[in-house]
Amino acid sequence: MKKVLLFSLFGALVLTSCGDKNKKGETEGTTEATKELVAKPTAPKAEGPIRILFVGNSHTEYFASFPKMLEALAKENNKQVEVKSLLEMGVSIDKIIAANQKDADKLFRQTDKDGNYFDYVILQEATPVAIQELDKYKANTKNVHDQVIKNSPGVATYIYGLTVPFEYNERDYKDYQPMLIDNGVAVAKALPNTGFLNFSAVLGAAYEGKEGYTAIKDGKDVLRHTDSSRHMLNDAVFVNSIVLYQTLFGETPKIPQQLPLSTGTGDDHDIKLMDVTKGVMNPDALLKIATSFK
């Protein structure tokens with residue numbers, strides 16, 4: 001996996017647009033009001049394989065991969081699953097679709113005898129859009145949803161809950177993370193049969209040391225990289241993939257001996273099958289954390 005340097009303008013964009021705290025992110029409602037988040041969507045009854053589409057950028061697949069991890073967990077647990085992805089580095093949903101237009105058009109034209117080609121769609125927006133441009137966030141997700149439901153009218157959609165690229169205990173994290181949640185929930189509520197994946201809450205539990213987990217080793221964060229976008233590392237994708245699996249299938253997965261994990265964070269590193277005990281810091285603790293979000 002060639003590591004392309006992603007220059008994030010997130011910090012500058014936020015700092016130049018947040019003079020009025022009441023207008024941050026153009027959020028709707030308050031964090032207190034969104035604690036209950038949104039109702040879980042109902043998936044259509046599938047005949048044959050369950051198809052899942054990921055639409056996202058490097059927060060969906062970079063050091064480690066949500067699509068690859070979910071596919072591996074499903075295989076280990078004897079789930080008939082087909083995972084599809086539309087991915088593009090460092091851009092918003094509208095640009096992800098534009099960069100993959102031919103593949104997107106082909107996927108959205110597909111049909112299935114059960115009446116729904118896709119059973120689940122996971123939509124991940126770019127962080128600056130998600131926190132600052134609520135109208136665009138809503139428009140981008142609606143555009144994909146409208147295309148999907150043409151041949152998948154019963155699809156269950158999930159909005160990927162992003163995490164702000166600040167250290168967990170920083171003031172900026174505490175100020176801006178609730179805004180991302182508020183906006184993600186507002187987007188989910190604006191779409192039919194759509195839920196919200198609160199991945200940041202799972203990471204928060206890990207950072208808090210729940211179940212004996214330690215997020216810092218030798219002075220380094222083992223959940224997220226120190227790059228400008230704070231991409232999730234193996235531990236974070238592992239624990240949140242378990243939460244995603246539980247959300248979709250209603251049960252905690254059996255963890256295989258090996259999973260597709262990043263061999264490192266350099267240009268010459270890639271995603272490969274490796275022993276979970278070697279690629280993940282404390283898988284037992286992370287599994288317990290994930291189970292608490294079932």
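Entry one, helix H2. I looked up the buried residues (under 20% relative accessible area, 1.4 Å probe, protein chains only) of H2, residues 66-76, and found Phe66, Pro67, Met69, Leu70, Ala72, Leu73 and Ala74. Their cover includes strands E1 (50-56), E2 (81-87), E4 (156-160) and E8 (258-262), together with helices H8 (199-207) and H9 (234-249); I took contact as heavy atoms within 4.5 Å. Helices (H or I, at least four residues) and strands (E, at least two) are DSSP runs, numbered from the N terminus. At the start of H2, I noted a side-chain oxygen of Ser65 within 3.1 Å of the backbone nitrogen of Lys68. After H2 comes Asn78, with a positive phi near 60°.

Entry two, provenance. The model is predicted; local features need pLDDT of at least 70 and side-chain atom pairs pLDDT 80 or more, whereas totals for chains, interfaces and linings use all residues. Residues are numbered from 1 along each chain as its sequence is written, and side-chain values use heavy atoms, leaving out hydrogens and water.

I found their axes (lines fitted to C-alpha atoms over the stretch in contact, angles from 0 to 180 degrees between N-to-C directions) to be 10 Å apart, at an angle of about 130°. Phe199, Val202 and Leu203 of H8 meet Ala236, Val239, Asn240, Val243 and Leu244 of H9.

Notes. Buried < 20%, exposed > 50% of the residue type's maximum accessible area, 1.4 Å probe, protein only. Polar contact = N/O pair within 3.5 Å; in protein donor to acceptor, adjacent residues only side chain to side chain.
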